[in-house]
2 protein chains.
Amino acid sequence: MKYEVQVFVTLKEAVLDPQGSAVNHSLNQHGYTEVEDVRIGKVITLTLDGEREAVDARVTEMCEKLLANPVIEDYRFEVREVAAQ
Amino acid sequence: MKYEVQVFVTLKEAVLDPQGSAVNHSLNQHGYTEVEDVRIGKVITLTLDGEREAVDARVTEMCEKLLANPVIEDYRFEVREVAAQ
């Protein structure tokens with residue numbers, strides 16, 4: 001069975017986000033002064049083929065080993081079944 | 001009222017994603033051969049203060065002007081009310 005997994009990788013709250021601050025500053029300068037804070041993360045969309053029971057454990061492993069840096073990043077993911085083409 | 005808006009910016013399907021391909025290759029090399037495709041995008045979390053009616057229009061403007069490149073990227077966003085601290 002084919003699955004689409006969206007992995008959201010974001011900086012831990014305590015970690016400074018210079019990229020987010022730059023975007024925040026730029027938005028304010030362009031007149032969007034209602035914006036108070038900006039944080040930027042990654043959304044990694046995986047397409048994979050396998051058994052539903054194994055997907056969560058395998059994706060957790062992928063996140064811990066490769067997709068997220070556990071020291072400065074948090075991650076969460078959502079699994080969605082994809083119709084076979 | 002304070003809102004948290006999550007903006008998801010992803011490459012259009014027709015656009016090649018070299019970063020995604022590199023991650024896909026690396027996952028396969030690390031034994032995660034069930035992974036068939038990887039696409040990488042951004043999740044931009046905005047904290048803003050304003051009227052709910054105005055938020056959608058203003059965030060759409062921000063996306064069209066600053067946060068997404070309409071030539072190669074798609075965007076969508078979700079608005080969530082944030083309890084006043």
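Which residue of E2(B) does A:Leu48 stand opposite? A:Leu48 stands opposite B:Val35.

## Basis

This is a predicted model: local features need pLDDT of at least 70, side-chain atom pairs count only at pLDDT 80 or more, and totals for chains, interfaces and linings use all residues. Residues are numbered from 1 along each chain as its sequence is written, chains are lettered from A and ligands numbered from 1 in the order written, and side-chain values use heavy atoms, without hydrogens and water.

## The sheet

The order of the open sheet of 6 strands is E3(A)-E1(A)-E2(A)-E2(B)-E1(B)-E3(B), with antiparallel pairing. Strands are DSSP runs (E, at least two residues), numbered from the N terminus; pairing takes at least two DSSP bridges. E3 (73-82) of chain A and E3 (73-82) of chain B are the edges, each with a single partner strand, so one side of each lacks a neighbour in the sheet.

E2(A) and E2(B) pair over 13 bridges. Within chain B, E1 (2-11) and E2 (35-49) pair over 8 bridges. There, B:Phe8 has B:Val43 as its bridge partner.

## The interface

In chain B, 34 residues are in contact with 34 residues of chain A (heavy atoms within 4.5 Å). The two chains bury about 2800 Å², 57% of it on carbon and sulfur atoms (accessible area lost on being put together, 1.4 Å probe, summed over both).

The interface holds 4 salt bridges (Lys or Arg side-chain nitrogen within 4 Å of an Asp or Glu carboxyl oxygen). B:Glu34 and A:Arg58 meet in a salt bridge at 2.7 Å, N to O. E2(B) gives the most to chain B's side, with 15 residues.

Key
Helix = DSSP H or I, 4+ residues; strand = E, 2+ residues; numbered from the N terminus.
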